[in-house]
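Please look over the sequence and the model before reading on.

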Amino acid sequence: MTNTLHRLNSSTSEANFKLSCDVVHSKIIRHDQSLIDSILAHDNPQEPIITLSDGQKYFWYLAIGSMNNPISLYLRNLIPIISYPAICLNHRVIFRGVGGMADIESCEGSEFDGVVHLLSEEQMNRLDKMEMSYERIIVPVVNYQNQSHSAYAYKMTIASHPDNLPSERYLDIIVKGCEYYGIRPDYIKRLREEQAVTPRKEPHTYQSINDVPSDVFYTTDDLAKHNGSDPNYPIWICINGKILEHVGLPPSDSPEYEAQKQFHTIIQSRFAGREADFEIAKAIYEPLHKLPLNEEDLTDEHRAMLEDHHLSMRSRNDQNNKYWKPIGRLRRSNKITNSSL
């Protein structure tokens, strides 16, 4: 049964990744070759930054995780000037922390393959903010034509995170990115066959938000008032048609305070006062599902997966679920959301 499910997932993932790539290719505007040539004319292989005569800067960035996938890049509005496969020398990739995220560490004699992107300064600054738990380091890379260069990579700032298995979803993203950008087949084969993963959940095992009042409904206008801008309106978020209200932070001397404050800040800045499904789908790309362009593109199964992911993240910070209270359901255009049934 497990092998059959894996084959079905693999087939579905391959088909939807192709569809997603077709969407991305239709949306992005390719950089003009003359612009690329004018930038590369100022390149110094010993430096990870290209500085033009007018002060513009471009950054060589080695992606080791989901950023080697074109869909993940697109969802973060990152459009590299150019990209190419390369080998990082005297370092290795390890998976650690919650969710088994990719990290890099120095290891003499070791090497791994990744994708080098050339990003604008504005894009690199945004990427720094996205990778808030990482710091930039400079690493040596060699392309498949044996040309050396220096590039930036992101290393976790908390080295004490224990090693952990990557999720099947996360490794799927990495492998598909490696295939897309032409990483060596032997390296991809090692990832597929030798890297252990935490298997994907089956849909019937997804967690669901319980105790939602069955007779209370709100409109999108009601939801929008609770975006955190007015202290008279507590923060609301909407997950899979279910509205949750933030009931407050713990006391500042509580051992949970810092974690809850950080989680609250992320929720307020990204999801408060609106439906969060689409934004979560952009952050938590799942190759099993076609790239959604808006809320309407999300299938019921995809929404259920996102609800499960939200609950998993919340339980790590709020094991007793005491900081978020379900208060009702969302009604769109006089039609109750499908999750209210």
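## Ground rules

Helices (H or I, at least four residues) and strands (E, at least two) are DSSP runs, numbered from the N terminus. This is a predicted model, in which local features need pLDDT of at least 70, side-chain atom pairs count only at pLDDT 80 or more, and totals for chains, interfaces and linings use all residues. Residues are numbered from 1 along each chain as its sequence is written, and side-chain values use heavy atoms, with hydrogens and water left out.

Most residues other than glycine have a negative phi. Asn-90 is not a glycine, yet its phi is positive, at about 60°. Asn-90 sits in strand β3. Its relative accessibility is 28%, so Asn-90 counts as partly exposed. Buried means under 20% relative accessible area, exposed means over 50%, and partly exposed lies in between (1.4 Å probe, protein chains only).

Asn-240 also has a positive phi, near 50°. Asn-240 lies in the loop between β8 (236-239) and β9 (242-246). Asn-240 is buried, because its relative accessible area is 9%.

## Annotated positions

UniProt marks two positions discussed here. Its positions are given in the numbering used here, feature names are shortened, and annotations may be inferred rather than shown by experiment. Tyr-170 is listed by UniProt under "binding site", in an unreviewed entry. Tyr-170 belongs to helix α5 (residues 168-180). With 6% relative accessibility, Tyr-170 is buried. Which residues does Tyr-170 contact, leaving aside its neighbours within four places in sequence? They are Gly-65, Ser-66, Phe-95, Gly-100, Met-101 and Ala-102. Contact here means heavy atoms within 4.5 Å.

Glu-131 carries the UniProt annotation "active site", again from an unreviewed entry. Glu-131 is in the loop between α4 (121-130) and β5 (134-143). Its relative accessible area is 19%, so Glu-131 is buried. Not counting residues up to four places away in sequence, Glu-131 touches Met-67 and Tyr-154.

Met-67 is also touched by Arg-76. Arg-76 lies in the loop between α3 and β3 (83-96). Not counting residues up to four places away in sequence, Arg-76 also touches Arg-126, Met-130, Lys-282 and Ala-283. Lys-57 is 19 residues from Arg-76 in sequence and 20 Å away in space, C-alpha to C-alpha.

## Salt bridges

The whole structure holds 22 salt bridges. The rule asks for a side-chain nitrogen of Lys or Arg within 4 Å of a carboxyl oxygen of Asp or Glu. One of them joins Lys-18 and Asp-22, at 3.6 Å from N to O. Lys-18 and Asp-22 are four residues apart in helix α1 (residues 2-27), so about one helical turn separates them. Lys-18 is exposed, with a relative accessible area of 54%. Asp-22 is partly exposed, at 39%.

Another salt bridge pairs Arg-192 with Glu-179, whose closest N and O atoms are 2.4 Å apart. This pair links distant parts of the chain: Arg-192 is in helix α6 (residues 185-194), Glu-179 is in helix α5, and 13 residues separate them. Arg-192 is partly exposed at 43% relative accessibility. Glu-179 is partly exposed too, at 35% relative accessible area. Both belong to a network of salt bridges that also links Glu-14, Glu-168, Asp-172, Lys-176, Arg-200 and Glu-286.

Arg-303 and Glu-295 form a salt bridge as well, with their closest N and O atoms 3.2 Å apart. Are these two residues buried or exposed? Both Arg-303 and Glu-295 are buried.

## Two domains

The domain assignment gives domain 1 (11-194) and domain 2 (203-330). Such bounds come from an automatic or database domain assignment. The C-alpha centres of the two domains lie 30 Å apart. Domain 1 gives 21 residues to the contact, and domain 2 gives 14 residues.

Domain 1 and domain 2 bury about 1,500 Å² between them, with 67% of it on carbon and sulfur atoms. Buried area is the accessible area (1.4 Å probe) that two parts lose on being put together, summed over both. The count of salt bridges between the two domains is zero. On the side of domain 1 that touches domain 2, the elements giving two or more residues are α1, α3 (70-75) and α5. The largest share of that side, nine residues, comes from α1.
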